[in-house]
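Here's a quick briefing on a sheet and the aromatic rings around it. Have the sequence and the model open side by side as you read.

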Amino acid sequence: MARATTFTYNVTVVNPGSGNKYYMDGILQSYITLFPGCTYEFNQDDSSNSGHPLRFATAADAAGSTEYTTGVTTSGTPGSATAWTKIEVTSDTAYLLYFYCTNHSGMGGEINIPPNFSISNSNDRIIAGGGDTAGGSFSNTIDIVQVRSKGNASDYGDLSLGRQGLANGCISSTTRGLFYAGDDSGPATYVDTIDFITMATTGNATDFGNATADDSGGGGFSNATRGGRGGGFTGTGNPFGSNIIDYVTIATTGNASDFGDLSSVRYSVSGLSSPTRGVFGGGAVYTGSTVHTNIMEYITIASTGNVTDFGNLLDAADNMLSASSATRGLYLGGIASSGAPAVQNVIQYITIASTGNAQDFGDLATAVRSGGPGSNSISGITMGGFAPSLSNIIQEVTIATTGNAADFGDLTQTRADNPGTVSPNHGGLQ
């Protein structure tokens, strides 16, 4: 017998003592699961629904977001016959939604839609954790944005400890994301902590192991099996910084192993990946004053060894954000060294499989540095950063084209100083 693909929830409104709530088939539901390939009708015939239209959004009570309408149809007036809201769930439906009352807060709950990690599904989810939220207040908050639905970020869970300066550039497989090293609640307390999350769920991060060194501001890289970072700020020695590249096998847990070395000691390096290469761009070294670099270097992820020269950036810069598809890498914003160091709005791109200098792509809508970079096969995302003060801005570009960035939405809080970001379909996984 064929599997049913249309399901009905009979909705009533009840006050269990904490204010009105939606009940589904007589049960208070704060969390429900819907599956791609099915249509769900939320029937509001019952008179208790009068004045309580049920709708969907990408944030609880649609806080800071717009109503989610993709695949959604409605009929009638709640509390009367033929009143319902339907949603057709497909592989393109956002993984995380909320049902809510358009007239009253606190009545709804969360909807989780399990992905199957086809490329279509994987294009949705980019996750950012940590960062500096108030000039020395280091966050453990993890946010999630859903690219297809756009809009503001939602809460995902927490890191094991608040920190900034996590390795940038997505360090993740299709199933796991890693948050790598950083700067603890300081001042300048560098840590080697590696946390991981499971991409398909929400919740708090779990201990993975330890990096080979305590530092912050390294450039991240990964493909489907391996991930790691190169460079970083140690706060000791002259010059400050590291040339270490280390790596882990993402599907396991355990401590990182040595991979090789960058050509020089530097920090605030920006990393990006294709399935075969990791590329490290820019960075700075401190020997009494900060010196920016325009260096780009690459490694072959499946092997180990030292970097090979790739080419040069348009200008010497550090604290850039990065994004990539399988073929193209972007460096966005950062601190440029032309004249007085300043936050820049420049976007530049490379073809990862070749070598050569970066080319102009376009401009950010808002100049930014030290934010959380994220990408999937289609979009590059900047999350927060200094613009030039602490910001919650999210901007988006389409990687395959050239042109300027557009506004995407906002994080749940202001954050900068390199929150870590992960995605189940960044350039290293395609």
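Asp-246 stands opposite Asp-258 in S20. Strand S19, residues 242-249, pairs with S20 in the antiparallel sense over 5 bridges; two strands count as paired if DSSP finds at least two bridges between them. Bear in mind that this is a predicted model, where local features need pLDDT of at least 70, side-chain atom pairs count only at pLDDT 80 or more, and totals for chains, interfaces and linings use all residues. Residues are numbered from 1 along each chain as its sequence is written, and side-chain values use heavy atoms, with hydrogens and water left out.

**The sheet**

- Four strands make up an open, antiparallel sheet, in the order S17-S18-S19-S20; strands here are DSSP runs of E, at least two residues, numbered from the N terminus.
- S17 (219-222) and S20 (257-266) sit at the edges with a single partner strand each, so one side of each has no neighbour in the sheet.
- From one strand to the next, the twist averages 20° (axes are lines fitted to C-alpha atoms, and angles run from 0 to 180 degrees between N-to-C directions).

**Aromatic pairs**

- Rings of Phe, Tyr and Trp (its six-membered ring) pair if their centres lie within 6.5 Å; planes under 30 degrees apart are stacked, over 60 edge-to-face, and the rest tilted.
- That rule gives 12 aromatic pairs.
- Take Phe-221 and Phe-259: their ring centres are 5.9 Å apart with the planes at 65°, so this pair is edge-to-face.
- Phe-221 belongs to S17 and Phe-259 to S20, so the pair ties together parts that are 38 residues apart in sequence.
- Phe-221 also forms an edge-to-face pair with Phe-280, at 5.9 Å centre to centre and 90° between the planes.
- Since Phe-280 lies in strand S22 (residues 277-281) and Phe-221 in S17, this pair ties together parts that are 59 residues apart in sequence.
- Ring pairs link Phe-221, Tyr-247, Phe-259 and Phe-280 into a cluster.

**Burial**

- Phe-221 has a relative accessible area of 0% and is buried (under 20% is buried, over 50% exposed, partly exposed in between, with a 1.4 Å probe and protein chains only).
- Phe-259 counts as buried too, at 3% relative accessibility.

**Charges over rings**

- The charged end of Lys-86 sits over the Trp-84 ring, 4.4 Å from its centre (NZ of Lys or CZ of Arg must be within 6 Å of the ring centre and within 35 degrees of the ring normal).
- Arg-277 has its charged end over the ring of Tyr-298, 3.8 Å from the ring's centre.
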